[in-house]
Amino acid sequence: MIIVGAGIVGTSAAFHLTRRGVSTALVDAAHLGQATAAGLGVVFPWPLPWDEQPVWDFKARAAEHYPRLMAELAEDGHTTGYEVVGGLSVDLEGDDAGFDLLRTLSQRPEFATMGGVERLSPGRPRERFPLLPEDYGGVFVEGMARLNAPVARAALFNAAEERGLRYFKGDAHLLWNGHRVTGVRVGSEDLEAPVVIVAAGAWSAGLLAVAGVDLHVHPVRGQVTHFALPGRDTRTWPVVRFGERGYFVSAFGPDRVVTGGTWEPEAGFDRRVTAAGLLHNLSTALDVLPGLEDATVVETRVGFRPGTHDGQQLLGTIERLPGVVVASGLGGDGLTFGPFQGVVAARLALGEDPGMDLSPFRPDREMAPA
Ligand SMILES: Cc1cc2nc3c(=O)[nH]c(=O)nc-3n(C[C@H](O)[C@H](O)[C@H](O)COP(=O)(O)OP(=O)(O)OC[C@H]3O[C@@H](n4cnc5c(N)ncnc54)[C@H](O)[C@@H]3O)c2cc1C
């Protein structure tokens, strides 16, 4: 098999194929702006009540798969970057933290990974995330996790390489014989395989355009700012969601706090840190966490989320393009669902029944711009 793209999706597919003993090549252009390298790392794999059944099923399977995959990598001796630190949903009024929703969900047996869900009175969230202002109340979800995505990506890649993965650095172009895709060209080299998995994130449309297929995935630029708090140990701090804003903050050891991320669908593949992006990140961060005032601004990362107009992923084969499986379009949720999307793509490439309804995710479905 050939996989194009070594983000979280492509490396997961590579791990899954190589552990099944399948001869696999992974091609990656290492674009600056890879979403996986920029992501905030909030892992929330549970469905919402209004999700359609196939989406619900996919998320339920992904939620169950995540800890198993990470445990397997850890047993294999890899540092995974995955930590179940819990998650806080906080707000000032007591309305937006979502206690009832989260509690109901956590009581279903298939979402046992959520663990306990506890309501916290004002002042208590601060005991877990010391930068929070005193007046925030909220909800604590025990099983929520954060992912240091570059570390997880490296773990998947290394585990696959140990099982025989061949890696090619370069820009892949599909090879098309008039009937089917037969492989890819990288530089002057032609690689052939029965199936090519296109896991090229926001760049996936460009690959298929060569074969005349209009894939509806576009880049949604995100700029995310990292702060350091010298002398503070942030390793055990939970992920925080500010209910009234839908805004997220994540902490990474030894002393980092990472906030938000802009959502810029108009920016194309422009990978600059912009004045407006930085202003947005700094002002929002200080607004919700005034305690960051004296923090060091370490860096701002830029990444391109693979967005779709209907907000659903692209996962499956394309009738008029035999020889290709598409796995992309996870937008702002790819660190959460990407590992499982990679597994399903691998199964499809092997001709196996994924055991769930993937029709809402058909890569060639019609989509009108929102
Ligand atoms: C600022 C920001 C914050 C985010 N926060 C979260 C979060 O908290 N939680 C969450 O779940 N998700 C989050 N996401 C979303 C998540 O990061 C992405 O959905 C996910 O990483 C997409 O992974 P991918 O493997 O599909 O694509 P990518 O990680 O973008 O990887 C695609 C790879 O394909 C390669 N490629 C492209 N074209 C070619 C070609 N022709 N030949 C060879 N290689 C090619 C690229 O170089 C790249 O390495 C965030 C994203 C951003 C940008």
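The model is predicted, so local features need pLDDT of at least 70, side-chain atom pairs count only at pLDDT 80 or more, and totals for chains, interfaces and linings use all residues. Residues are numbered from 1 along each chain as its sequence is written. The protein chain holds nine helices and 20 strands. Helices (H or I, at least four residues) and strands (E, at least two) are DSSP runs, numbered from the N terminus.

**Overall shape**

- The radius of gyration of the protein chain is 20 Å, close to the 21 Å that the globule rule gives for 370 residues, so the chain is as compact as a globular protein of that length. This radius is taken over C-alpha atoms, and the globule rule is 2.2 Å times the number of residues to the power 0.38.
- The C-alpha trace spans about 65 × 45 × 45 Å along its principal axes.
- Of the 370 residues, 50% count as buried. A residue is buried if 20 or more other C-beta atoms lie within 10 Å of its own, exposed if 12 or fewer, and partly exposed in between; C-beta atoms are placed from the backbone.
- Among contacts between residues at least 6 apart in sequence, 73% join residues at least 24 apart. Two residues are in contact if their C-beta atoms, placed from the backbone, lie within 7 Å.

**Around the ligand**

- The ligand is surrounded by 43 residues, and the closest are Gly5, Gly7, Gly201, Gly222 and Gly334. A residue is near a molecule or strand if its C-beta atom, placed from the backbone, lies within 6 Å of it.
- The shell divides into 21 nonpolar, 18 polar and four charged residues. Ala, Val, Leu, Ile, Met, Phe, Trp, Tyr, Cys and Pro count as nonpolar, Asp, Glu, Lys and Arg as charged, and the others, Gly among them, as polar.
- Several elements each supply at least two residues of the shell, including helix H1 (8–19), strand S14 (218–228) and helix H9 (334–349).
- H9 gives the largest share of the shell, four residues.

- The largest nonpolar core has 116 residues. Such a core is a set of buried Ala, Val, Leu, Ile, Met, Phe, Trp, Tyr and Cys residues joined through C-beta atoms within 7 Å.
- Val4, Val196, Ile197, Val198 and Ala345 have the most contacts inside this core.
- H9 supplies the largest share of the core, nine residues.
- H9 is mostly covered, with 15 of its 16 residues buried.
- Just after H9, Gly351 takes a positive phi of about 80°.
- Leaving aside neighbours within four places in sequence, the contacts of Val198 include Val4, Leu207, Val324 and Val326.

**Sheet and hairpins**

- Strands of a sheet pair through backbone hydrogen bonds, either parallel or antiparallel. Here, two strands pair if DSSP finds at least two bridges between them.
- Two bridges join S4 to S8 (residues 145–147). Tyr82 stands opposite Leu147 in S8.
- Strands S10 (residues 172–176) and S11 (residues 181–186) pair in the antiparallel sense over five bridges. Leu174 stands opposite Val184 in S11.
- The hairpin of S10 and S11 has four residues between the strands, and Gly178 takes a positive phi near 95° there.
- Strands S19 (residues 314–317) and S20 (residues 324–328) run antiparallel, joined by four bridges. The bridge partner of Gly316 in S20 is Val326.
- The hairpin of S19 and S20 has six residues between the strands, and Gly323 takes a positive phi near 95° there.

**Loops**

- Most residues other than glycine have a negative phi, and most peptide bonds are trans.
- Ala30 has a positive phi, near 50°. Ala30 is found in the loop between S2 and H2. With 10 C-beta neighbours inside 10 Å, Ala30 counts as exposed.
- The peptide bond from Gly253 to Pro254 is cis, with omega near 0°. Pro254 lies in the loop between S16 (247–252) and S17 (256–259).
- Pro130 lies in the loop between H5 (125–128) and S7 (137–141). Pro130 is exposed, with 12 other C-beta atoms within 10 Å.
- Pro130 and Trp237 are 107 residues apart in sequence but 8.3 Å apart in space, C-alpha to C-alpha.
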